[in-house]
Amino acid sequence: METLKRVLVLLVFIFGIVSCKEEVKSEIITEEPIVVEPMDKVTEEPEAPKLEKQSIAALKEELTTRGFKVFDYVNEKTNDTVLMQQYFMAFLKDGPIRNQNEEEVVILQEEHLAHLGKMYDLGYADISGPFGDDGDIRGITIYNVPTQKMADSLANSDPMVKAGRLIIEMHPWWAAKGYKLR
């Protein structure tokens, strides 16, 4: 079992390195170092990201035309228009068939990571990853597609799901366009 855990951790690590885009790898960072203030000293709300390449109205129109659900609002502190889009968050949970042998699990994990990488490369998924505990919910994938039916179809085409090792619990989720994890 310990060997399996090591193999899975190694595969997740390799996937993380391989899935980085080339343009990100080749960037030269010229920014000043970031100083992190303790939370009790932070009083200002972070600025909304600037979507400079396309106006909010044009982006809203494009997304709506492609079938996405969106809405916008004005941030009262910054007077910026914030565009919200509906995504779909897939919770990958323990499935009913978890009796595969160690070799089968390694193969399924490789296929699972390849599937998630393909979803990212095709622009269908924006982020995926496992949880750090050993609970029933094994990980998440956030799908950037117009409908829950499409997100369900993509999530259920995962080899781990097809094998019954994982099941999908899908939920609509709203997030502002242009914001990044930090």
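Predicted model: local features only at pLDDT ≥ 70, side-chain atom pairs only at ≥ 80, totals over all residues.
Residues are numbered from 1 along each chain as its sequence is written, and side-chain values use heavy atoms, without hydrogens and water. Local features require pLDDT of at least 70 and side-chain atom pairs pLDDT 80 or more, whereas totals for chains, interfaces and linings use all residues.

**View 1. The largest nonpolar core comprises 15 residues.** A nonpolar core is a set of buried Ala, Val, Leu, Ile, Met, Phe, Trp, Tyr and Cys residues joined through side-chain atoms within 4.5 Å; buried means under 20% relative accessible area with a 1.4 Å probe, protein chains only. Phe88, Ala90, Tyr143, Val145, Ala151 and Met170 touch the most other members. Two or more residues each come from strand E2 (81-94), helices H4 (102-121), H5 (148-156) and H6 (159-162), and strand E5 (166-176). Helices (H or I, at least four residues) and strands (E, at least two) are DSSP runs, numbered from the N terminus. A second, separate core of 6 residues includes Ile56, Leu63, Val70 and Leu83.

**View 2. Surroundings of Val145.** Beyond neighbours within four places in sequence, Val145 is in contact (heavy atoms within 4.5 Å) with Phe68, Gln86, Phe88, Tyr124, Met150, Ala151 and Leu154.

**View 3. Strands E3 (residues 125-130) and E4 (residues 137-143) pair in the antiparallel sense.** The pairing, defined by at least two DSSP bridges, extends over 5 bridges. Pro130 stands opposite Gly139 in E4, and a hairpin of 6 residues joins E3 to E4.

**View 4. Arg165 lies in the loop between H6 and E5.** Arg165 is buried, and its side chain makes a polar contact with that of Gln100 at 2.9 Å. A polar contact is a pair of N or O atoms within 3.5 Å; within protein, one must be able to donate a hydrogen and the other to accept it, and residues adjacent in sequence count only if both atoms are side-chain atoms. Arg165 has no salt bridge, defined as a side-chain nitrogen of Lys or Arg within 4 Å of a carboxyl oxygen of Asp or Glu.

Terms used:
Buried < 20%, exposed > 50% of the residue type's maximum accessible area, 1.4 Å probe, protein only. Lys, Arg positive; Asp, Glu negative; His and termini not counted.
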